[in-house]
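Please have the sequence and the 3D view open while reading.

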Amino acid sequence: MKIRDLTKMALCVALCCISANFVFPLPFTPGMVTALTIFLSLTAYILPPKQTFLVVLAYLLLGAAGLPVFAGTGGIGRLVSPAGGFYFAWLIAYPLLSAFKGNVNFRRYVAMNILIAMPVTYLGGLISMVLILNISPLEAATMAVLPFIGGDILKACAAAFLGVRINLASKWE
C-alpha cells in the first residue's frame with residue numbers, strides 16, 4: 001500500500017474512534033445511538049472495500065485491546081455483549097457498501113447504505129440480542145432495529161453528503 005492510502009486509512013480509523021464517543025443510550029435497548037455509523041459509511045464511500053475492511057478491523061482491534069473507542073468504553077466484553085453483533089456485522093456491511101457504492105452520487109450512496117449496510121448491521125445486532133438475551137426475534141427487532149431506522153437513514157444521508165463532497169474535491173478514488 002502507498003503512504004497516501006495508509007494515511008487515509010489512519011484518518012478514517014481516528015474519525016471512527018472519536019465519533020463513537022458521541023453517544024446517547026436508549027433506555028430500552030443495549031444498543032446505543034452514536035455518530036460512528038456516519039464515519040463508517042464515509043469510510044466506505046471514500047476507500048475501496050479492502051481498505052474499508054482494514055479500517056473497521058483496526059477499529060475493532062483497538063477497542064478489543066481496551067482503548068475506550070466503543071461508545072466510551074473498551075475491552076472485549078463489549079464485543080460479546082448483546083450489542084456485539086453490530087460490531088461484527090460492520091466487518092461485512094461496510095466493505096460491501098464500499099464494493100457497491102458505484103460512481104460518486106448522493107442518491108446512490110444513500111440507497112446502497114439503506115439496502116446493504118443497514119440490513120447487514122441490523123441482522124448482526126438482532127442475532128446477538130436473540131442469542132445473548134434469550135429473547136424472540138420480534139423482541140430483538142424492537143430493541144435492535146426499529147429504534148434506529150430513522151436516525152440511521154439521516155446518518156446515511158449525512159455520510160453520503162460528506163462522501164460526495166470529499167470524493168469530488170480530492171479525487172480520493
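## Terms and basis

In what follows, Ala, Val, Leu, Ile, Met, Phe, Trp, Tyr, Cys and Pro count as nonpolar, Asp, Glu, Lys and Arg count as charged, and the others, Gly among them, count as polar. The model is a predicted one, in which local features need pLDDT of at least 70 and side-chain atom pairs count only at pLDDT 80 or more, whereas totals for chains, interfaces and linings use all residues. Residues are numbered from 1 along each chain as its sequence is written, and side-chain values use heavy atoms, with hydrogens and water left out.

## The cavity

A search of the whole structure finds 1 cavity of 30 Å³ or more, and the volume of the largest cavity is about 310 Å³. Among the 25 residues that line the largest cavity, those closest to its centre are M32, T34, T37, F86 and W90. Here a cavity is a set of points, on a 1 Å grid over the protein atoms alone, where a 1.4 Å probe fits but cannot get out, and lining residues have an atom within 4 Å of a point. Grid points are joined across faces, edges and corners, and the volume is the space filled by probe spheres set on the points.

Two or more residues of the lining come from each of β2 (32–34), α2 (36–46), α5 (84–100), α6 (106–133) and α8 (149–170), and α6 gives the most, with 5 residues. These elements are DSSP runs numbered from the N terminus, helices being H or I over at least four residues and strands being E over at least two. By class, the lining comprises 16 nonpolar, 6 polar and 3 charged residues.

## Two residues of helix α8

K155 is found in helix α8 and counts as buried because its relative accessibility is 14%, where buried means under 20% relative accessible area, exposed means over 50% and partly exposed lies in between (1.4 Å probe, protein chains only). The side chain of K155 makes a polar contact with the side chain of D152 at 3.3 Å; such a contact is a pair of N or O atoms within 3.5 Å, of which, within protein, one must be able to donate a hydrogen and the other to accept it, and residues adjacent in sequence count only if both atoms are side-chain atoms. Leaving out residues up to four places away in sequence, K155 touches V33, T34, T37 and I38, contact meaning heavy atoms within 4.5 Å.

A159 also lies in helix α8 and, at 0% relative accessibility, counts as buried. Apart from neighbours within four places in sequence, A159 is in contact with I38, S41, L42 and Y45.

G124 lies in helix α6 and is buried, with a relative accessible area of 15%. Not counting residues up to four places away in sequence, G124 touches G85, F86 and A89.

In helix α7 (residues 137–144), the buried residues are A140, A141, M143 and A144. They cover an arc of only 170° around the axis and therefore lie on the same side of α7, the arc being that of the directions from the helix axis to the C-beta atoms. The buried residues of α7 pack against α5 and α6.

## A loop residue

N134 lies in the loop between α6 and α7 and counts as exposed, at 69% relative accessibility. Most residues other than glycine have a negative phi. The phi of N134, however, is near 55°, a positive value in a residue other than glycine.

Key
On a 1 Å grid over the protein atoms alone, a cavity is a set of points where a 1.4 Å probe fits but cannot get out, and a pocket is an open set with protein on both sides within 12 Å along at least five of seven lines; lining residues have an atom within 4 Å of a point.
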